[in-house]
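Work through the exercises below with the sequence and the model at hand. Each task is followed by its solution.

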Amino acid sequence: MLSLLLQTEELVPEQVGEVIEAAKADPVLAGALIAVGVATLGLFVWGLTKQVFKAALFAGLASAGVWYWYFNIR
C-alpha cells in the first residue's frame with residue numbers, strides 16, 4: 001500500500017504538468033476544463049446552501065415545537 005502511495009505521489013506532478021501543457025495548446029480543452037470547474041463549484045455551493053436551509057428549517061420547527069410544549073402542554 002505504501003509503495004502505491006509513493007508511486008502516485010511521483011506520477012501526479014508529471015501528469016498535472018502534461019494537462020497544463022495540453023490546455024495551453026488546445027483552447028477547447030481549456031474551455032472545457034473551465035466550464036467543468038465552474039459547474040462543479042456551482043453544484044458545491046448549491047449543495048451547501050440546500051443543507052444550510054434544511055438545517056435552519058429543522059431548527060426553526062424544533063424551536064417552535066419546544067416553545068409550544070413549554071407554554072401549552074406543561
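**Exercise 1.** How many helices and how many strands does the protein have?

Solution. The model is predicted, so local features need pLDDT of at least 70 and side-chain atom pairs pLDDT 80 or more, while totals for chains, interfaces and linings use all residues. Residues are numbered from 1 along each chain as its sequence is written, and side-chain values use heavy atoms, without hydrogens and water. Helices (H or I, at least four residues) and strands (E, at least two) are DSSP runs, numbered from the N terminus. The protein has two helices and zero strands.

**Exercise 2.** State what percentage of the residues count as buried.

Solution. Buried means under 20% relative accessible area, exposed over 50%, and partly exposed in between (1.4 Å probe, protein chains only). Of the 74 residues of the protein, 1% count as buried.

**Exercise 3.** Is Tyr68 buried or exposed?

Solution. Tyr68 lies in helix α2, which covers residues 27-73. Its relative accessible area is 51%. The cut-off for exposed is over 50%, so Tyr68 is exposed.

**Exercise 4.** Which kind of aromatic pair do Trp67 and Tyr70 form?

Solution. Rings of Phe, Tyr and Trp (its six-membered ring) pair if their centres lie within 6.5 Å; planes under 30 degrees apart count as stacked, over 60 as edge-to-face and the rest as tilted. The structure holds three aromatic pairs. In one of them, Trp67 and Tyr70 are 6.3 Å apart centre to centre with 85° between the planes, which makes the pair edge-to-face. Both residues lie in helix α2, three residues apart, about one turn of the helix.

**Exercise 5.** Classify the aromatic pair of Trp67 and Phe71.

Solution. Because Trp67 and Phe71 are four residues apart in helix α2, about one helical turn separates them. Trp67, Tyr70 and Phe71 form one aromatic cluster.
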